[in-house]
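Please read it alongside the sequence and the structure shown here.

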Amino acid sequence: MAQIREIKKRLTAVKNIQRITKTMQMIATARFTAALQSAKATQPYTERIRTLVNEVAAAAGDIEHPLINDPETSPNRELLIVITSDRGLCGAYNGTVLRTALHQYRNATAAGREVELHTIGKKAAGFFKFQRIKAAETHLFGDRPDYDTVNRFASQYIDAFTEGRYDAVRVVYMQFESTSRQRPEVLQLLPLRRLDEESDAAETKPTATGATYEFSPSAEGLLAALLPQTVKTMFFQAMNDAAVSEQIMRMVAMKAATENAKDLGRSLVQQFNRARQTQITTELMEVISGAAALE
Amino acid sequence: MAETFHCSIVTPTGPLFDGDAIYASFPAWDGQYGMMVGKSPLLTRLGTGSLRIDTPEGTSRWFLLDGGFAQADKGQLVLLTDSAMAAEDVSYEQAEAELADVADRVSKPGENQEQVCRDQARAYAKRSLARSSS
């Protein structure tokens, strides 16, 4: 009897968990759709800015700009921004990003560089506190990164870089490639990779249309305005990618949890039936034995 | 019928306008520019002000633009901006309130005057757009 009660208790608990994980999966699906829409909405802007930079850079020739060149006097100090989620239950999402960030941090410090750490999301803040690594700044952006806020932060990073406080600004985040593929990425935000390197690395066709543009102001002036915009767009894209990846990984994790709960429930029902049958058989045997003894 | 070109307003949060136009007048950093079919390729920085798009249907649509870049090429005009707003969403009262707020900040010590000037230009453009569209 005690065993049956125990199994029944577990069965109720498993069913409750299954209900919770199923709900979380549905919420994550809804949030994923919204996050994906906002990430997709950003893409045309990002692509256009990149095309413009290439067009203008092709016309400007050799470019010298504080956001492209390494600082004249290197402070031997870099800024590492780690983007994670505020909540858990999203599979390997936070773990993968944090492992990559820790690896990056340890490599830089082992090479004798000073690393200033900024965390975005509660999970990163908690992780580095546990690792006894002090984060200079901790921020929370919520589920949907807002462009104005991201823009303000990117401007601060640009200012700090041009003032020479850091010689590099890197972002560790989960890059969204497709619904079935996300991977941790260390993005070098500043200094911007030289444009010729970028086009070689990406093996893209030259984007210059060959048209002779009338530039207003000059190509150099336009580029000076375009480059900070590129940095802001890159950072916003990284935030959006992180938001989409978090929701998709939570969706997958919750789906797996629901399936597991279903399997566990099925096996518990079997155990319960077996135990009940055993109990009935035992009781019958007892009645029959009792009756036989009376004869 | 007048010849048309493709016009789009692209912002980081998505496209605000994407359609054909017969004429567009947009605020560049050094004044108002106009575009019709056949305009030579142009790349310019945008300023703060109103954008007017005349559609082939004979209507005009108005928007508020605040900085960005314009690219005119191959029979299309692309306006890339951080912040754009359709005239229908601009309120006169709100513009007035913004102007009053900026006027207070002008004389405040420690204010970033460059930012104040930008906010003032934006509030003026907003008010003028609200006035003309009402």
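Two strands are taken to pair if DSSP finds at least two bridges between them, and the helices (H or I, at least four residues) and strands (E, at least two) named below are DSSP runs, numbered from the N terminus. This is a predicted model, in which local features need pLDDT of at least 70 and side-chain atom pairs count only at pLDDT 80 or more, while totals for chains, interfaces and linings use all residues. Residues are numbered from 1 along each chain as its sequence is written, chains are lettered from A and ligands numbered from 1 in the order in which they are written, and side-chain values use heavy atoms, with hydrogens and water left out.

**The sheet of chain A**

Seven bridges join strand E1 (residues 77–83) of chain A to strand E2 (residues 114–120) of chain A, and the two run parallel; within this pairing, Ile83(A) has Ile120(A) of E2(A) as its bridge partner. E1(A) and E2(A) belong to an open sheet of five strands in chain A, ordered E3-E2-E1-E4-E5 and with mixed pairing. Strand E3 (137–139) and strand E5 (181–190) of chain A stand at the edges with a single partner strand each, so one side of each is left without a neighbour in the sheet. From one strand to the next, the twist averages 25°, where axes are lines fitted to C-alpha atoms, for helices over the stretch in contact, and angles run from 0 to 180 degrees between N-to-C directions.

Helix H2 (residues 93–110) of chain A lies across E1, E2, strand E4 (168–178) and E5 of chain A, and runs at about 175° to E1(A). Helix H4 (residues 147–162) of chain A packs on the sheet and touches E1, E2, E3, E4 and E5 of chain A, its direction making about 45° with that of E5(A).

The side chains of Arg77(A) and Glu114(A) meet in a salt bridge, at 3.1 Å from N to O, a salt bridge being a side-chain nitrogen of Lys or Arg within 4 Å of a carboxyl oxygen of Asp or Glu. This pair links distant parts of the chain, since Arg77(A) is in strand E1 and Glu114(A) in strand E2 of chain A, 37 residues apart. Over all chains, the whole structure holds 17 salt bridges.

**Loops and backbone geometry of chain A**

| Cis peptide bond | Omega |
|---|---|
| Leu190(A) to Pro191(A) | near -10° |
| Ser216(A) to Pro217(A) | about 0° |

Pro191(A) is placed in the loop between E5 and helix H5 (195–202) of chain A, and Pro217(A) in the loop between E6 and helix H6 (219–294) of chain A. Leu89(A), in the loop between E1 and H2 of chain A, has a positive phi of about 55° although it is not a glycine. Pro71(A) lies in the loop between helix H1 (2–60) and E1 of chain A; leaving aside its neighbours within four places in sequence, Pro71(A) is in contact with Phe161(A), Tyr166(A) and Asp167(A).

**Where chain B meets chain A**

In the interface, 24 residues of chain B are in contact with 24 residues of chain A. The two chains bury about 2,100 Å² between them, 64% of it on carbon and sulfur atoms; buried area is the accessible area (1.4 Å probe) that two parts lose on being put together, summed over both. Pro12(B), Leu43(B) and Phe69(B) supply 32% of the area that chain B buries against chain A, more than any other three residues. The count of salt bridges between chain B and chain A is zero.

Strand pairing also crosses between the chains: three bridges join strand E6 (residues 214–216) of chain A to E5(B), and these strands run parallel. Glu214(A) has Leu42(B) as its bridge partner in E5(B).

Conventions
Contact = heavy atoms within 4.5 Å.
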